[in-house]
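Here is a short briefing on one structure.

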Amino acid sequence: LNPQCSPIFTSDAVLSHFPPTSIMTGGMDILLDDAVDFHVRLRRNGVPGRFHIFRTLPHGFWSMGAFLPEAREAQRAAVRWIARAVYPKRARERVRASAYRRAKENLEHEGEREEEAEIPSM
C-alpha cells in the first residue's frame, strides 16, 4: 500500500493538496470501482474536478482512438481539459471563437433555407 505506487493509497492530508483533477474511465474497465472511489475521496477532500465514464470502453482505451470513436472523444476531452488548465484565458477565447463560428454558420444556413422557401413553384 505504497502511495508512491498509486495515488489511491495516498493519505487524505496529501489528497487535499491535489490540483483540480479529471478522471476518465471506461464503463467496462476492471478498475472502474477504484476510479469511482478515488474521485469520491478527492471530492471529500475539497479537490475540484470532474469524473467521466465512457460507458462502452474497456481498460486501456487511450490507445484505441484510431478505431473507436468514443475513445477518440475521450482523447479530445482530455486535451481540452489540459488546455483549459494550462492556458485558461486562451481556452476561453477559443471556446468563444468556435461558438461565434457555429452561430454564424447556423445563421447562414437559416438564410439559405429561407431563400429556398421563397422560390415560387411552377
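Which residues do ring pairs link into a cluster? They are Phe-54, Phe-61 and Trp-62. The model is predicted. The points below take the aromatic pairs, then the strands.

**Aromatic pairs**
- A search of the whole structure gives three aromatic pairs.
- Phe-18 and Phe-38 form one of them, with 6.2 Å centre to centre and 70 degrees between the planes. That pair is edge-to-face, because an angle over 60 degrees counts as such.
- Phe-18 sits in the loop between helix H1 (12-15) and S1, while Phe-38 sits in helix H2, so their pair ties together parts 20 residues apart in sequence.
- The ring centres of Phe-54 and Phe-61 are 5.9 Å apart, and their planes meet at 50 degrees, so this pair is tilted.

**Burial of the ring residues**
- Phe-18 is partly exposed, at a relative accessible area of 26%.
- Phe-38 is buried, with a value of 10% relative accessible area. The cut-off for buried is under 20%.
- Phe-54 is buried at 3% relative accessible area.
- Phe-61 is buried too, at 1%.

- Strand S1 (residues 21-28) pairs with strand S2 (residues 49-58). The sense is parallel, and the pairing runs over seven bridges.
- Met-24 stands opposite His-52 in S2.

Definitions and conventions
Residues are numbered from 1 along each chain as its sequence is written. This is a predicted model: local features need pLDDT of at least 70, side-chain atom pairs count only at pLDDT 80 or more; totals for chains, interfaces and linings use all residues. Side-chain values use heavy atoms; hydrogens and water are left out. Two strands pair if DSSP finds at least two bridges between them. Helices (H or I, at least four residues) and strands (E, at least two) are DSSP runs, numbered from the N terminus. Rings of Phe, Tyr and Trp (its six-membered ring) pair if their centres lie within 6.5 Å; planes under 30 degrees apart count as stacked, over 60 as edge-to-face and the rest as tilted. Buried means under 20% relative accessible area, exposed over 50%, partly exposed in between (1.4 Å probe, protein chains only).
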